[in-house]
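Here is a short report on one protein chain. Look over the sequence and the model, then read on.

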Amino acid sequence: MSDPVRIIGGRRVLFAMAADAEYGEHLRRRFVPAMIGVGPVESAIHATRALIEHRPDILVSLGSAGSRRLEQGEVYQASSVSYRDMDASPLGFEKGRTPFLDLPAEIPLPLQIPGIGAGRLSTGANIVSGSAYDGIDADMVDMESFAIHRACMVAGVAMIGLRGISDGAADLHHFDDWTQYLHVVDANLAAAVDRLEAALAEGLLLPS
């Protein structure tokens, strides 16, 4: 396989991931992703390019996330995305809202896969650890999903966000603190992809 688009249930589905470390043996047997890079800037650039090149009906963003409240190693779908770096509140704008853009601080994702738990996802350009979670109003954190969703909105493409919780129960100190559970996340993300395929094939992908 070399094309990141698969035809599932009559839909063109594009799979996108940020880093090769998250693309384990189980996912490798299911699809080849468009690798879009780490962080809001790189992911926005490369997701936009992938959307233009492949013209999917649905983009599925997969990878790891941090959470202090969700089960480590388990996979959750994003019920909404927000942008924690955006703060124009000194000018009177609500924290998290982009000035002069008619969007709420938290944007819901309408497509949900039956049988997979959901959580609110916060995107930013920083690794969150320890007490930094105190200031984040979301269930899980990553560095790409909000940017990818904005690219999808402009392209008129639906997005599904699947995140396996790789860290957050303890403070992060080393690279291995992130990678130690990625093999578990890989297996569980693969199972979530199987659920997605079944839902698409059976017409069960549900609006939230």
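## The second largest pocket

The second largest pocket has a volume of about 300 Å³. Sixteen residues line this pocket, and the closest to its centre are S82, R84, K95, S122 and D137. Two elements, β5 (75–83) and β8 (118–123), each give two or more residues to the lining. By class, the lining has five nonpolar, five polar and six charged residues. Here Ala, Val, Leu, Ile, Met, Phe, Trp, Tyr, Cys and Pro count as nonpolar, Asp, Glu, Lys and Arg as charged, and the others, Gly among them, as polar.

The model is predicted: local features need pLDDT of at least 70, side-chain atom pairs count only at pLDDT 80 or more, and totals for chains, interfaces and linings use all residues. Residues are numbered from 1 along each chain as its sequence is written, and side-chain values use heavy atoms, with hydrogens and water left out.

## How spaces are found

On a 1 Å grid over the protein atoms alone, a cavity is a set of points where a 1.4 Å probe fits but cannot get out. A pocket is an open set with protein on both sides within 12 Å along at least five of seven lines. Lining residues have an atom within 4 Å of a point. Points are joined across faces, edges and corners, and a volume is the space filled by probe spheres set on the points.

## The cavity

A search of the whole structure finds one cavity of 30 Å³ or more. The largest cavity has a volume of about 40 Å³. Its lining includes A16, M17, E22, S61, G63 and R163. β2 (11–17) and β4 (58–66) are the elements that give two or more residues. β4 gives the most, with four. The lining has six nonpolar, three polar and three charged residues.

## Helix α2

Helices (H or I, at least four residues) and strands (E, at least two) are DSSP runs, numbered from the N terminus.

P40, S43, A47, A50, L51 and H54 of α2 are buried (under 20% relative accessible area; exposed is over 50%, partly exposed in between; 1.4 Å probe, protein chains only). Seen down the axis of α2, its buried residues fall within an arc of 100 degrees, so they line one face of the helix. The arc is that of the directions from the helix axis to the C-beta atoms. The face turned away from the buried side of α2 carries the exposed residues V41, I52 and E53. R55 follows α2, with a positive phi near 45 degrees.
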